[in-house]
Amino acid sequence: MGPVAATALLLTLLLGGCAAGGTGTIGGSGTGASSAPSDSSTQPSDGSTGSSGIDIGNDAGHTEIPSTYPQGDVPLIDDDAVFAVDLGTGWSIILPTDDRAGDLTKIDGILIGKGFVQDLTSSSADATFTQYSNDTYTVQITGSNTADFGEVVQYVVILN
């Protein structure tokens, strides 16, 4: 795995923190923009509250694309996620793939067509990482074979 792909993976793990299997909320009291709604639907299902109020549920089965995900701005190639979470300042979505190279090419075309600029790319035998940006979002796409989900394409979408 190249240094850029490793950095992207580390960033996702740091941003996701306890999202992979805990109870509670994600987020903090930072000054960044947040698209999370403030109604009671974002409160943790275990009754606890957090500074961001973003519900990540009580188990690792976060497979529903969050309603806050900007599908019109950053289209997903599929809505059959194996992991999906709203981080308050962005989203992490993992989709299974049977054709990693084909899906990455498709994603590239979609994002470039939406006006994103490709900032950088790094590829190895194990993973491919590409970062795109526009005025609103930074999108990091990683294609890899994971121990938990097999062949996947991961979107990390960050609000600028």
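Is Asp98 buried or exposed? Asp98 is exposed, because its relative accessible area is 87%; exposed denotes over 50% relative accessible area, buried under 20%, and partly exposed the range in between, with a 1.4 Å probe and protein chains only.

## Basis and confidence

The model is predicted: local features need pLDDT of at least 70, side-chain atom pairs count only at pLDDT 80 or more, and totals for chains, interfaces and linings use all residues. Residues are numbered from 1 along each chain as its sequence is written, and side-chain values use heavy atoms, with hydrogens and water left out.

The pLDDT, the predictor's confidence in each residue on a scale from 0 to 100, averages 75 for the protein, and 62% of the residues score at least 70. Over residues 1–53 the pLDDT is below 50, and this stretch has 87 contacts in the model beyond near neighbours in sequence; a contact means heavy atoms within 4.5 Å. Residues 55–59 also have pLDDT under 50, with 22 contacts beyond four places in sequence. Where pLDDT is low, the predicted coordinates should not be read in detail.

## Overall architecture

The protein contains two helices and six strands. Helices (H or I, at least four residues) and strands (E, at least two) are DSSP runs, numbered from the N terminus. From the N terminus on, the elements follow the order α-β-β-α-β-β-β-β. Of the 160 residues in the protein, 42% are buried. Among contacts with a separation of 6 or more, 51% are between residues 24 or more positions apart.

The six strands form an open sheet in the order β1-β2-β6-β5-β4-β3, with antiparallel pairing; two strands pair if DSSP finds at least two bridges between them. Strands β1 and β3 are the edges, each pairing on one side only. On average, neighbouring strands of this sheet are turned by 15° against each other, direction ignored. Axes are lines fitted to C-alpha atoms, for helices over the stretch in contact, and angles run from 0 to 180 degrees between N-to-C directions. Helix α2 packs on the sheet and touches β3, β4, β5 (137–146) and β6 (150–159); the direction of α2 makes about 175° with that of β5.

## Nonpolar cores and aromatic pairs

A nonpolar core is a set of buried Ala, Val, Leu, Ile, Met, Phe, Trp, Tyr and Cys residues joined through side-chain atoms within 4.5 Å. The largest has 21 residues, and those with the most contacts inside it are Tyr69, Val74, Ile93, Val139, Ile141 and Tyr155. The elements β2, α2, β5 and β6 each give two or more residues to this core. A second, separate core of five residues includes Phe83, Val85, Leu87 and Ile94.

Rings of Phe, Tyr and Trp (its six-membered ring) pair if their centres lie within 6.5 Å; planes under 30 degrees apart count as stacked, over 60 as edge-to-face and the rest as tilted. The count by this rule is two aromatic pairs. The ring centres of Tyr69 and Trp91 are 5.8 Å apart and the planes lie at 80°, so this pair is edge-to-face. Because Tyr69 lies in the loop between α1 (3–16) and β1 (83–86) and Trp91 in strand β2, the pair ties together parts that are 22 residues apart in sequence. Both Tyr69 and Trp91 are buried, and ring pairs link Tyr69, Trp91 and Tyr137 into a cluster. Leaving aside neighbours within four places in sequence, Tyr69 is in contact with Val74, Leu76, Trp91, Ile93, Tyr155 and Val157.

## Two individual residues

Asp98 lies in the loop between β2 (90–96) and α2 (100–113). Asp98 and Glu151 are 53 residues apart in sequence, and their C-alpha atoms are 6.9 Å apart in space.

Ala84 is found in strand β1 and counts as buried because its relative accessibility is 5%. Not counting residues up to four places away in sequence, Ala84 touches His62, Thr63, Glu64, Ile65, Pro66, Ser92 and Ile93. Ala84 and Gln154 are 70 residues apart in sequence and 9.6 Å apart in space, C-alpha to C-alpha.
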